[in-house]
Amino acid sequence: MAKALFFDIDGTLLDSKSDSEEVPEGVVRELRRLQDEGNRLFVCTGRPRLLIPQDLGDFGFDGFVLANGGHVEIGGQTVYQELMGRELATAAADLLTTMGFEYTISSAHHIFLPRDYGVMRAFFADMEWCFTFDFDRADALARAIKLECFPSEADRERIRQAVEREIGSGATFNDNGTRGTLELYSSRLSKATGIAIALEHFGIAREDSYGFGDGTNDLAMIRACGTGVAMGNACDELKREADLVCGDVSERGLELALRDLFPA
């Protein structure tokens, strides 16, 4: 019976403490073996499609659950999108502007960043290749899956309180955005939603699914999968929720976990 395996990127497939964006050789070997045995492999990440490393994009994964479940690709085709919705995205963007925070707008295939946002441009100075600077704001917000800003720890709480007060339960947050940015997106959205789409597409039962992650945005993933695996470097909350805790990403944790769970 085919299994479905879902992998977070940062802190799971890749060591987030390293500058390398190459999956360790031992993990690659195990993934190839599992795929050869008929199992389905998926990347399940908060990253948008633009920020998937080329090696991962070219690996041959069966699908990608992107932007915390807001965009699902299978066989190179988009099969699902969950947008914020024009009203929610505009309300969130206007609130951030009023509070004095710069932000990016992520759609399925673009990351929009106004040219005059000096703080964000400086923060992402080495990543300017991935941004669209010239765009219509209303159009971008209509296509938005999430917004990202880069507040201080104190300001994160200010934003949370303001969103809860001004917008309500329609928006939710994630602290594991690109380089630690704060993400805002629809409360309808989670990695669990994208996982359900992928499982249905391939006709694989939930009990035959496995999720591997390390951050708070992986909670929905390990809850959605039949077996949830937390990395040794995962946050305590994820470890408490997981069915299994494997080794640290920097200590061959994922490779050894795959060997143990799926013996050759």
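## Strand S9: Glu148 and Cys149

Glu148 is buried, at a relative accessible area of 5%. That is the value in a predicted model, where Glu148 belongs to strand S9, residues 146–149. What does the side chain of Glu148 pair with? Its partner is the side chain of Thr181, through a polar contact of 2.3 Å.

Cys149 is also in strand S9. With a relative accessibility of 0%, Cys149 counts as buried because the cut-off is under 20%. Leaving aside residues up to four places away in sequence, Cys149 touches Leu96, Glu102, Tyr103, Met120, Ile159, Thr181, Leu182 and Leu184.

## The nonpolar cores

Which residues of the largest nonpolar core touch the most other members? They are Ile105, Phe131, Leu147 and Ile159, out of 34 residues in that core. Several elements each supply at least two residues: helices H3 (86–99), H5 (137–142) and H6 (153–166), along with strands S7 (111–112), S9, S10 (171–174) and S11 (182–186). H3 gives the largest share, seven residues.

Ile159 is a handy place to start exploring. Not counting residues up to four places away in sequence, Ile159 touches Leu96, Met99, Phe101, Cys149, Pro151, Phe173 and Leu182. There is also a second, separate core of 27 residues, and among its members are Leu13, Val27, Leu56 and Phe61.

## Helix H7

Helix H7 runs over residues 191–202, twelve in number. From first C-alpha to last, H7 reaches 17 Å, close to the 16 Å expected at 1.5 Å a residue. At its start, a side-chain oxygen of Ser190 comes to within 3.1 Å of the backbone nitrogen of Ala192. After H7 comes Gly203, with a positive phi near 65 degrees.

Which residues of H7 are buried? Lys191, Gly194, Ile195, Ala198 and Leu199 are. Viewed down the axis of H7, the buried residues fall within an arc of 135 degrees, so they line one face of the helix. The general rule behind such a pattern is that an α-helix has 3.6 residues a turn, so residues three or four places apart point the same way. The cover over the buried residues of H7 includes strands S1 (4–7), S2 (40–44), S3 (63–66), S4 (71–74) and S12 (209–213), as well as helix H8 (219–224).

Methods
Residues are numbered from 1 along each chain as its sequence is written. This is a predicted model: local features need pLDDT of at least 70, side-chain atom pairs count only at pLDDT 80 or more; totals for chains, interfaces and linings use all residues. Side-chain values use heavy atoms; hydrogens and water are left out. Helices (H or I, at least four residues) and strands (E, at least two) are DSSP runs, numbered from the N terminus. The expected span of a helix is 1.5 Å times one less than its number of residues. Buried means under 20% relative accessible area, exposed over 50%, partly exposed in between (1.4 Å probe, protein chains only). The arc is that of the directions from the helix axis to the C-beta atoms. Contact means heavy atoms within 4.5 Å. A polar contact is a pair of N or O atoms within 3.5 Å; within protein, one must be able to donate a hydrogen and the other to accept it, and residues adjacent in sequence count only if both atoms are side-chain atoms. A nonpolar core is a set of buried Ala, Val, Leu, Ile, Met, Phe, Trp, Tyr and Cys residues joined through side-chain atoms within 4.5 Å.
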